[in-house]
Amino acid sequence: MTTVNPYLVFKGNCEEAFNFYKSAFGGDFRFIGRYKELPPSDRALFPPDVDEKIMHVTLPISAETLLMGCDNVDEAAPNIIPTPPFSLSITTDTKEEADRLFLALSVDGEIKMPMDKTFWGSYFGTFEDKFGINWMISFELPIE
């Protein structure tokens with residue numbers, strides 16, 4: 001089976017972001033590695049001040065989906081990562097789970113469309129979280 005998993009790149013706050021996502025989704029990290037853990041030959045490519053930054057993290061959010069990320073430590077472009085031109089779209093099995101994830105992930109973020117019934121038959125909302133990641137949460141309403 002082919003799957004698509006989002007990979008998020010942060011400006012140095014990947015660990016904070018993923019701990020936040022972990023608190024919303026639950027579960028444990030499948031992997032979390034720091035730049036200091038690279039083999040010496042690869043480690044030499046990065047400055048010592050990035051030792052504690054995240055080289056790669058994987059958080060399972062369902063049986064099929066992994067949320068992955070890292071910190072951008074490229075000295076040539078440390079602050080050039082723009083707000084992502086994409087959204088992470090999550091469809092839940094229940095309205096209650098949609099509300100729970102929306103409330104948990106939007107803390108200190110910017111709500112763009114609160115959760116509500118839409119004309120296309122979904123219970124849907126969007127927001128940008130406090131790390132600049134865009135999210136769409138939906139629950140497909142039963143056909144009336």
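This is a predicted model: local features need pLDDT of at least 70, side-chain atom pairs count only at pLDDT 80 or more; totals for chains, interfaces and linings use all residues.
A charge sits over a ring if NZ of Lys or CZ of Arg is within 6 Å of the ring centre and within 35 degrees of the ring normal. Lys-22 lies over the face of Phe-29, at 4.8 Å from the ring centre.

Residues are numbered from 1 along each chain as its sequence is written, and side-chain values use heavy atoms, with hydrogens and water left out.

Now the strands. Helices (H or I, at least four residues) and strands (E, at least two) are DSSP runs, numbered from the N terminus. Two strands pair if DSSP finds at least two bridges between them. Strand S1 covers residues 7-10. S1 pairs with strand S4 (residues 66-71) in the parallel sense, over four bridges. Here Tyr-7 stands opposite Met-68 in S4. Buried means under 20% relative accessible area, exposed over 50%, and partly exposed in between (1.4 Å probe, protein chains only). S1 has a covered face, Leu-8 and Phe-10, and an uncovered one, Tyr-7 and Val-9.

How many residues of strand S7 (residues 122-128) are buried? Seven of the seven are, so S7 is largely enclosed by the rest of the structure. Both of its faces are covered. Ser-122, Phe-124, Thr-126 and Glu-128 lie on one side, with Tyr-123, Gly-125 and Phe-127 on the other.

S7 has partners in S6 and S8. Strand S6 (residues 110-117) runs antiparallel to S7, joined by five bridges. Met-113 stands opposite Thr-126 in S7. The hairpin of S6 and S7 has four residues between the strands, and Gly-121 takes a positive phi near 90°. Strand S8 (residues 134-140) is also antiparallel to S7, with seven bridges. Gly-125 stands opposite Ile-137 in S8. The hairpin of S7 and S8 has five residues between them, and Gly-132 in the turn has a positive phi of about 85°.

Next come the rings. Rings of Phe, Tyr and Trp (its six-membered ring) pair if their centres lie within 6.5 Å; planes under 30 degrees apart count as stacked, over 60 as edge-to-face and the rest as tilted. The structure holds 11 aromatic pairs. Tyr-35 and Phe-46 have ring centres 4.9 Å apart and planes at 55°, so the pair is tilted. This pair links distant parts of the chain, 11 residues apart. Tyr-35 sits in the loop between strand S2 (31-34) and helix H2 (40-43), and Phe-46 in the loop between H2 and strand S3 (54-60). Tyr-35 is buried at 7% relative accessible area, while Phe-46 is partly exposed at 27%.

Trp-120 and Phe-124 form an edge-to-face pair, 5.2 Å centre to centre with 70° between the planes. Trp-120 is partly exposed at 44%; Phe-124 is buried at 12%. Ring pairs also link Phe-10, Phe-18, Phe-20, Tyr-21, Phe-25, Phe-131 and Trp-135 into a cluster.

Last, the largest pocket. On a 1 Å grid over the protein atoms alone, a pocket is an open set of points where a 1.4 Å probe fits, with protein on both sides within 12 Å along at least five of seven lines; lining residues have an atom within 4 Å of a point. The largest pocket is lined by 17 residues, of which Phe-25, Ile-61, Thr-65, Ile-90 and Thr-91 lie nearest its centre. Strand S5 (87-92) and helix H3 (95-105) are the elements that give two or more residues to the lining. S5 gives the largest share, five residues.
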